[in-house]
Amino acid sequence: MRWTNLGEHTVYENQWLRVNLADVLLPDGRHLDHYVIRLRPVAMATAVNERNEVLMLWRHRFITDSWGWELAAGVVEDGEDIAAAAAREMLEETGWRPGPLRHLMTVEPANGLTDARHHIYWADGADYEGHPEDDFESDKREWVPLKETPELIAQGEIPAANTAAALLMLYRLRFG
């Protein structure tokens with residue numbers, strides 16, 4: 001049941017994204033015009049401290065008009081190492097510099113519409129450097145008990161799929 005992309009052309013482009021129209025061959029021989037959103041990779045990072053608390057941001061997303069806990073994240077710049085981008089984003093958004101980062105997982109949050117890949121890293125601990133440079137991105141930055149995150153996900157306080165997946169994986173790694 002493989003769909004085959006026979007080619008695509010750009011219908012809109014800016015610094016953040018490119019919208020393409022693809023000519024897709026379906027398994028039964030029919031053709032389908034399918035819009036595809038092409039995005040740059042996203043790097044995410046967090047840290048878990050000695051009390052098994054995870055560093056998170058409480059923020060509002062205007063697109064969905066929702067509040068929730070998220071991990072620090074941002075676009076990987078051209079030529080930038082993904083792990084370095086994750087560390088940069090964490091420092092810029094939280095004021096905390098992560099310890100040595102380890103790759104946790106890569107997720108594709110909407111692979112039926114976009115090629116976005118979110119690369120998620122974590123560290124054992126972080127050092128506070130000062131007030132975050134990008135403090136406009138969140139109302140608060142807190143260390144949240146990792147044991148509470150499954151319930152926060154269930155309650156809808158962690159609506160972002162990439163953050164939920166990362167926290168559930170961290171929970172599994174720390175608590176089995």
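Reader: Over the ring of which residue does the charged end of Lys140 sit?

Author: This is a predicted model. A charge over a ring is judged by distance to the ring centre and by direction relative to the ring normal. Here the charged end of Lys140 sits over the ring of Trp58, 5.8 Å from its centre.

Reader: Which residue lies over the face of Phe175?

Author: Lys147 does, at 4.5 Å from the ring centre.

Reader: Which aromatic cluster includes Trp58?

Author: Aromatic rings are paired by the distance between their centres. Trp58 forms one cluster with Trp67 and Trp69. The count of aromatic pairs comes to five.

Reader: Now the loops. Where does Asn49 lie?

Author: Asn49 is in the loop between strand E4 (42-48) and strand E5 (53-61).

Reader: Is Asn49 buried or exposed?

Author: A residue is read as buried when its relative accessible area is under 20%. Asn49 has a relative accessible area of 6%, so Asn49 is buried.

Reader: What does Asn49 touch?

Author: Leaving aside residues up to four places away in sequence, Asn49 touches Trp143 and Arg174. A polar contact of 2.8 Å also joins the side chain of Asn49 to that of Glu53.

Reader: In which sense do E4 and E10 pair, parallel or antiparallel?

Author: Strand pairing is read from the bridges between two strands. E4 and E10 pair in the parallel sense, over seven bridges. Within this pairing, Thr46 has Trp122 of E10 as its bridge partner. Strand E9 (residues 102-107) pairs with E10 in the antiparallel sense, over five bridges. There, Arg102 stands opposite Trp122.

Reader: What is the order of the strands in the open sheet that three strands form?

Author: The order is E1-E2-E3, and the pairing is antiparallel. Strand E1 (4-13) and strand E3 (31-39) are the edge strands, each pairing on one side only. From one strand to the next, the twist averages 25 degrees.

Reader: How many bridges join E1 to strand E2?

Author: Seven bridges join E1 to E2 (residues 17-25), and the two run antiparallel. Opposite Glu13 stands Arg18 in E2.

Terms used. Residues numbered from 1 in each chain as written. Predicted model: local features only at pLDDT ≥ 70, side-chain atom pairs only at ≥ 80, totals over all residues. Heavy atoms only, no water. Helix = DSSP H or I, 4+ residues; strand = E, 2+ residues; numbered from the N terminus. Buried < 20%, exposed > 50% of the residue type's maximum accessible area, 1.4 Å probe, protein only. Polar contact = N/O pair within 3.5 Å; in protein donor to acceptor, adjacent residues only side chain to side chain. Contact = heavy atoms within 4.5 Å. Phe/Tyr/Trp six-rings, centres within 6.5 Å; stacked < 30°, edge-to-face > 60°. Lys NZ or Arg CZ within 6 Å of the ring centre and 35° of its normal. Axes fitted to C-alpha atoms, helices over the stretch in contact; angles between N-to-C directions.
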